Amino acid sequence: MLAYIVRRVLATIPVMAFVALFVFSLLYVAPGDPAAVIAGDQATPADVERIRASLGLDRPFLIRFGEWVWRILQGDLGVSIFTNLPVATMIQQRIEPTLSLMIITLILAVSVAIPMGVIAAWKQGTVIDRTVMGFAVLGFSVPVFVVGYVLAYIFALELDWVPVQGYTPIKQGFWPWFQNLILPAIALGTVYIALIARITRATMLEVLQQDYIRTARAKGAGQRNILFLHALKNAAVPIVTVIGIGIALLIGGAVVTESVFAIPGLGRLTVDAILRRDYPVIQGVVLLFSFVYVLVNLMIDLLYTILDPRIRY
Amino acid sequence: MSASILDPKGITAANVAVAPTLPDIMPPVRARGGFFGFMRRNPAIAIGGSLVTLMVLVAIFAPLLFTTDPTALAPARRTREPSAMYWFGTDMLGRDIYSRVLYGARVSLLVGFSVAVLASIIGLTIGMISGFIRWADSIIMRVMDGMMSIPPILLAIALMALTRGSVQNVIIAITIAEIPRVSRLVRGVVLSLREQPYVDAAVAAGTRTPVIIWRHILPNTLAPITVQATYICASAMIVESILSFIGAGTPPIIPSWGNIMAEGRALWQVKPYIVFFPAIFLSITVLAVNLLGDGLRDALDPRMAKRL
């Protein structure tokens, strides 16, 4: 067991190394010469060379990569070209809205999608099942910003139930915070719900055919017990795996959702950075998101043994 | 589902012992009835396919469908509501949204189809190499793991940040983001096909590896690849619109659905139709492609259909 955990943790190192290499290359091949920018218009080529040397930009790729990784490990993500603020600080300022949005979406999606999938599997072939599957296809097809605009139009503009756009920090109270995030969370969660509901249904269908389900029925267990206790427990591993993989959808979707709902989070930061070609910021955000994604999936892998004691390593 | 009887897991010691009757093992072959019979049996393909065809026709014949120049500015007639004159209204520069949306279909479909074809071909090649050459496999799969750990939209955004916005660059960026998934799929298929008795038989008969790949492996990867390609097409169209929407995709001078929505963003609370018309077209097109994919999956690969 311990050996497995160590092996699994070590296995993420090459993955993270690749991500770091990719993200570093991003800045390395990015158009524009930072030394020339810093030197200004009046500089002679010799000045530019001197600045380049002082920044260490003339050294070989691998040495610069090593130094860059070393700085990252110390929490230094570089300095934004546009605002001159450390990228780490900028990320810190923007992380709360994004984290809030993702947590609400995650809770919402899981608590809606799993019952949907379970019921669809239980009522296989009925109208309920077809409705759920129809919703799943629709959820995969309607892009997140389309859902966002439709929801905002109906519930914010027409019905005036929630604010149209913006974000209120949780410090100013749970309710205003929640009101601002509920529509973005539904919009962002749609495709995620579709994904989880679909895999839940498929796995449950398989599990419900097993002998132990028949045994549970024979000994007189109630339908709800069978579905949620016996069957869902055994279907947990694939479902949790998909929830983990689906985090990628949430991260990509957050970039768009934050634009639609004017939420000042990491997604907005990414979009602004792209428009300004602020490469250190792009680098920082991509690195952070990928790191979180890898970490979440690592934790899920380690969770398998708890979810399903039959799994031994 | 009668197909469940074919599931190998359904055959337990109990029902093997009593020798199931023939209809239990093999459901009768349904009446074929040519093209229309096929369409009737696969409504998802029929509906999805005709919607996609319709959209392709719209994209090709956009100039003939009562459109005007989609880039023609008319500041005097800006932000007009939809009317008999301007079917979908005009945007804040007075451009006709109906024309822009119809021409926008070209970008979406071009990106969707190109990415689907490119990602399939490259993914097929990489997956084949990975499935057949042991030493290359571990290296390729580590690289693919690394690429897959960057969320695809973020990867496409990062790549677009390096280049100028153009349709060609959008296609390249999305293709790169999609390749790892196709490669993994093909590798998985190849690895399971290699264990098939007919491949063993071919090896035993002295068939050379390239011939085995060409004659026995490749044809069997085409069904799952085709299904995957339709899903990639759908997802590429969404990613293109997202890239354009946040300003990192198709350049603003080319009308694309994402661009039209991006331009309507500032005004959407007062003039929601600017955003909604391209949104409807995009959603319907992606839905059609996804339906086509589901239909193809059910028709081409019954085993995969059962799992999802």
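Biologist: Where is A262(A) found?

Modeller: A262(A) is found in the loop between α10 and α11 of chain A, where helices are DSSP runs of H or I with at least four residues, strands are runs of E with at least two, and both are numbered from the N terminus. This is a predicted model, in which local features need pLDDT of at least 70 and side-chain atom pairs count only at pLDDT 80 or more, while totals for chains, interfaces and linings use all residues. Residues are numbered from 1 along each chain as its sequence is written, and chains are lettered from A, and ligands numbered from 1, in the order in which they are written.

Biologist: Why is A262(A) called partly exposed?

Modeller: A residue is buried if 20 or more other C-beta atoms, placed from the backbone, lie within 10 Å of its own, exposed if 12 or fewer do, and partly exposed in between. A262(A) has 14 other C-beta atoms within 10 Å, and is therefore partly exposed. A262(A) also has a positive phi of about 50°, although it is not a glycine.

Biologist: What makes N84(A) exposed?

Modeller: N84(A) has 7 other C-beta atoms within 10 Å, and therefore counts as exposed. N84(A) lies in the loop between α4 (61-73) and α5 (87-122) of chain A, and has a positive phi of about 65° without being a glycine.

Biologist: Is A53(A) buried or exposed, and why?

Modeller: A53(A) has 12 other C-beta atoms within 10 Å, so it is exposed. A53(A) has its place in helix α3 (residues 45-55) of chain A, and its C-alpha atom is separated by 15 Å from that of Y28(A), a residue 25 positions apart from it along the chain.

Biologist: Why are α10(B) and α12(B) called roughly antiparallel?

Modeller: The two helices pack at an angle of about 170°, with their axes 9 Å apart. Angles under 35 degrees count as roughly parallel, over 145 as roughly antiparallel, 65 to 115 as roughly perpendicular and the rest as oblique, and α10(B) and α12(B) are therefore roughly antiparallel to each other. Residues of α10(B), among them A223(B), Y231(B) and M237(B), meet residues of α12(B), among them L282(B), V289(B) and L296(B). The residues of this contact divide into 13 nonpolar, 6 polar and 1 charged, where Ala, Val, Leu, Ile, Met, Phe, Trp, Tyr, Cys and Pro count as nonpolar, Asp, Glu, Lys and Arg as charged, and the others, Gly among them, as polar.

Biologist: How many residues of chain A are in contact with chain B?

Modeller: 39 residues of chain A are in contact with 37 residues of chain B, contact being counted when C-beta atoms, placed from the backbone, lie within 7 Å. The largest share of the side of chain A that touches chain B, 7 residues, comes from α1(A). The residues of that side divide into 32 nonpolar, 5 polar and 2 charged.

Note on methods. Contact = placed C-beta atoms within 7 Å. Axes fitted to C-alpha atoms, helices over the stretch in contact; angles between N-to-C directions.
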